[in-house]
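Biologist: I would like a close look at one part of this model. Please take the aromatic residues and their surroundings.

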Amino acid sequence: MKKTLALAAALPLVASVAFAQGARPSTFNVNDTVDLELLTHTELTERLKDGWTSVFLVTGGTEERGPQDVLGGHNILAKSHATMAAKKLGKTIVAPVLPFAVNATGLNANREMADQPGPIQLPADVFKQVQLSMIDSMARSGFKDIFLMGDHGGGQQQMKEAAEEMDKKWAPKGVHVYYVSDFYNKTHDDVDMYLYSHKLPIAGHGAMMETSEMLYLEPLPGMYVRPSYKTVPFDPTGQTPEEWKAARDARDRGETPQRGGGAGRGRATDPNAPPRVNNGLTGDPHPSTKEIGKDLIDITVNNTVNEVKKLLAQTRGKTSQ
């Protein structure tokens, strides 16, 4: 186990950098960046003195997401969402994105089972240890509010556990650690509602959400999303919009949704469903557009900002009592 942890700690934590739309500046202005990896240690020291004591520890993931979207999609989206939220909050740093998560699609028999090359995952216990180590590093660097969040479903529980454990460890020293659930969980529910209200396919892995957002973010056409997204075959979710809405309403009422019409964002359990397309794609990405991507990005960023503010207010309320 020690060897496994040592290997995980040594893995490069470099993630893809997503550029926002528009012209790229001709020179680099360090005052405009919130990226930890683009600061020198003296620049970071000055920022910490100036109150930049919040940091985002963000997990992405490397896995296939259909023939049309690049393997690093989770990393591109995680970095972009976190950067936008950090700038909106102010005085918040974004640490390098961890590009490996738990249960990468294609390696877990309970997921899409596309069995395509490229996915990289960490065992759940190793993933949690990496999270604990990252938190420890940031706390020792001088950050006072450390936020964990992830763009991949696998690992959410481990992030939550790591945040709770490290908050207990560091709270006596004035450092607090938080798990930002809304970065992933509330966002996916809100995105599905957006798709439902706009009469778009409520799609799962590699479909409407990821494809539209990467279309908006890609600095060059075809860099993140290949043109084949308009025609690529896909595995249906097995759930109509009406069935999805009924299941969501039942869940909101505290009832157990009926699974006969489908199984949420993923593959339905209907034995009469057509054969799998088996290409790592669940749901229809064909109607994806940059404009939809911008709307969905705003959902993630706003959910993140709102929850971070709420968590900080709760902590500061407790410490002032």
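Is Tyr178 buried or exposed, and at what relative accessibility?

Modeller: Tyr178 counts as buried, at 6% relative accessibility. Buried means under 20% relative accessible area, exposed over 50%, and partly exposed in between, with a 1.4 Å probe and protein chains only. This is a predicted model: local features need pLDDT of at least 70, side-chain atom pairs count only at pLDDT 80 or more, and totals for chains, interfaces and linings use all residues. Residues are numbered from 1 along each chain as its sequence is written, and side-chain values use heavy atoms, with hydrogens and water left out.

Tyr178 belongs to one aromatic cluster with Phe56 and Phe147. Rings of Phe, Tyr and Trp (its six-membered ring) pair if their centres lie within 6.5 Å; planes under 30 degrees apart count as stacked, over 60 as edge-to-face, the rest as tilted. By this rule there are 3 aromatic pairs. Phe56 and Phe147 are edge-to-face, because their planes stand at 90 degrees, with centres 5.8 Å apart. This pair links strand S1 (residues 54-59) to strand S3 (residues 145-150), 91 residues apart. Strands are DSSP runs of E, at least two residues, and helices are runs of H or I, at least four, numbered from the N terminus. Phe56 and Phe147 are both buried. Phe147 and Tyr178 are stacked: 4.5 Å centre to centre, 10 degrees between the planes. Phe147 has a relative accessible area of 0%.

Tyr178 is also among the residues that Ile146 touches, as are Val55, Leu57 and Ile135. Contact means heavy atoms within 4.5 Å.

Technical notes: Lists of a residue's contacts leave out its neighbours within four places in sequence.
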